[in-house]
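Please examine the model shown below with attention to the spaces within and around its fold.

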Amino acid sequence: MNNHRKPPQNRPSPSLQQILATDKVAPPRHMLEESFAEMGNTDIPIGRYFDREFHNLEVEKVWRKAWQWACRLEDIPNVGDHLVYDIVHDSVLVVRWGPNPEDISAYINACLHRGTLLRSEGGCVEQFRCPFHGFTWSLDGCLKKIPQAWDFEHINPDEFHLPKLQVGLWGGFVFINFDENCESLESYLEILPEHFESFALEDRYKAIHVAKIMPCNWKLSAEAFVEAYHVAFAHPQTIAYYGDSNTQYDTWPEVRHINRMISAQGVKSPSAEHITEKMTRELMERDTPFFKGESAENHENPRHHFADVARQKISKSSGRDMSELSDSEAIDLIQYTVFPNFVPYGGMGLSAGYRFRPYKDNPEKSIMEIFFLFPKPEGKTLPKAPPIVWLTEEEPWSTVEEMGSAAMVVDQDTDNLKRIQRGLRTTRKPGITLASYQESRIRHFHQTLDLYINGE
């Protein structure tokens with residue numbers, strides 16, 4: 001897909017790799033490597049952020065072709081548990097019909113009689129019965145009952161099975177794909193399973209899940225959260241403890257669906273002036289109370305101190321010895337993108353993620369979701385996930401107190417996204433211009449998007 005090149009050598013220092021080299025406990029090998037694919041510098045056409053025709057192409061070429069995350073296993077832990085996943089015109093029932101993790105199916109959420117939605121929300125049922133005329137299907141999708149069946153002799157019950165989608169499991173996540181000829185999820189995820197092997201997301205549970213209607217195209221929502229270039233201007237309160245302009249961005253030649261960025265925490269931004277180590281520690285503890293605590297050693301280096309505090313707290317909450325956990329996995333922001341719309345974090349300190357999708361059939365609104373995963377205590381079963389907290393377009397993320405300081409950051413981004421969507425409508429420039437390195441993940445996304453739109 002792309003050729004390989006070296007990352008810019010004139011990046012601000014210290015680089016992420018220079019920071020990692022001074023850590024007490026080194027991270028896994030794949031985090032000590034950099035990869036930067038040559039992708040050119042062509043502008044991205046602005047029409048793909050609001051054009052109706054392009055939106056329709058995405059429905060057919062992306063949402064009905066690519067793998068997409070639908071739910072977590074703990075969303076549907078019991079037989080009969082199901083969830084409704086909507087994407088533009090399509091609605092899907094994701095249901096557990098047996099006791100094992102593999103006993104999960106996804107069906108088109110429409111009655112085969114006259115098309116009525118079988119379910120408008122998730123829950124737990126013994127069967128799926130249409131609320132209009134009572135056609136009924138068992139949890140395995142087989143036709144169970146036709147009211148007044150004498151009038152439907154032309155129906156072959158064996159052929160009246162609810163249409164199935166492809167289903168795949170990874171890291172406790174349930175993925176679906178509408179395309180019966182799609183590649184396997186294992187192939188689709190490329191390097192991701194190897195990179196996440198030590199993170200064991202399947203041993204975590206979803207503790208918080210918040211969704212909000214955003215005032216912009218779904219791609220704009222996603223693009224605001226996959227680069228740190230904007231941090232110093234949009235989130236100036238964080239530069240005392242967050243490495244922004246020295247964030248590492250990784251794209252790999254021939255890897256279509258996955259890219260990565262790693263941002264160091266516990267170190268000031270290269271652009272932050274007059275910030276002392278004392279200020280770094282105080283401000284990071286102010287914004288992220290998780291890092292408050294006493295470390296085993298008396299560290300002057302804030303990063304080393306925070307890594308020790310994180311290791312102690314993660315060990316306590318998980319019931320596992322985390323003394324050998326790397327500094328980076330304990331405190332840094334290790335973020336991956338899975339095309340088209342899933343953004344999971346690696347590491348152990350912040351285990352979270354995003355999902356972005358269109359809001360109904362509107363190319364200028366979207367749904368953004370944020371979730372947090374907590375480690376499952378040793379020997380315990382996964383608790384059932386809490387319901388999604390849905391915010392309206394007018395409600396700020398800070399409405400949800402459990403999100404902590406992350407809510408303020410996302411609220412700042414939401415204000416800017418509203419301006420971007422409006423600005424793209426008023427600009428006379430036909431395309432947006434991207435930084436070669438710091439916005440390389442956005443370009444990588446659009447090049448993969450082009451492959452799908454062109455049927456490649």
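Predicted model: local features only at pLDDT ≥ 70, side-chain atom pairs only at ≥ 80, totals over all residues.

A search of the whole structure finds two cavities of 30 Å³ or more. The largest cavity holds about 100 Å³ of space. Its lining consists of 14 residues, and those nearest the centre are Ala-222, Val-226, Thr-337, Pro-340 and Phe-445. Helix H5 (218-223), strand S18 (342-344) and helix H11 (440-453) are the elements that give two or more residues to this lining. By class, the lining of the largest cavity comprises eight nonpolar, three polar and three charged residues.

Strand S2 (residues 36-38) provides the largest share of the lining, three residues. Here the classes divide into three nonpolar, three polar and three charged residues.

The largest pocket has a volume of about 1100 Å³. Of its 46 lining residues, Thr-288, Leu-333, Leu-350, Phe-372 and Ala-406 are the closest to the centre. Several elements each supply at least two lining residues, including strand S20 (362-375) and helix H10 (405-426); the largest share, six residues, comes from H10. The lining of the largest pocket contains 28 nonpolar, twelve polar and six charged residues.

The second largest pocket contains about 770 Å³ of space. It is lined by 31 residues, with Leu-83, Val-84, Gly-122, Ile-388 and Trp-390 closest to its centre. Strand S5 (81-87) is one of the elements that supply at least two lining residues, and S5 contributes the largest share, seven residues. In this lining, 17 residues are nonpolar, five polar and nine charged.

Note on methods:
Residues numbered from 1 in each chain as written. Heavy atoms only, no water. 1 Å grid on protein atoms, 1.4 Å probe; cavity = no way out; pocket = protein on both sides within 12 Å on 5 of 7 lines; lining within 4 Å. Points joined across faces, edges and corners; volume = space filled by probe spheres on them. Helix = DSSP H or I, 4+ residues; strand = E, 2+ residues; numbered from the N terminus. Nonpolar A, V, L, I, M, F, W, Y, C, P; charged D, E, K, R; others polar.
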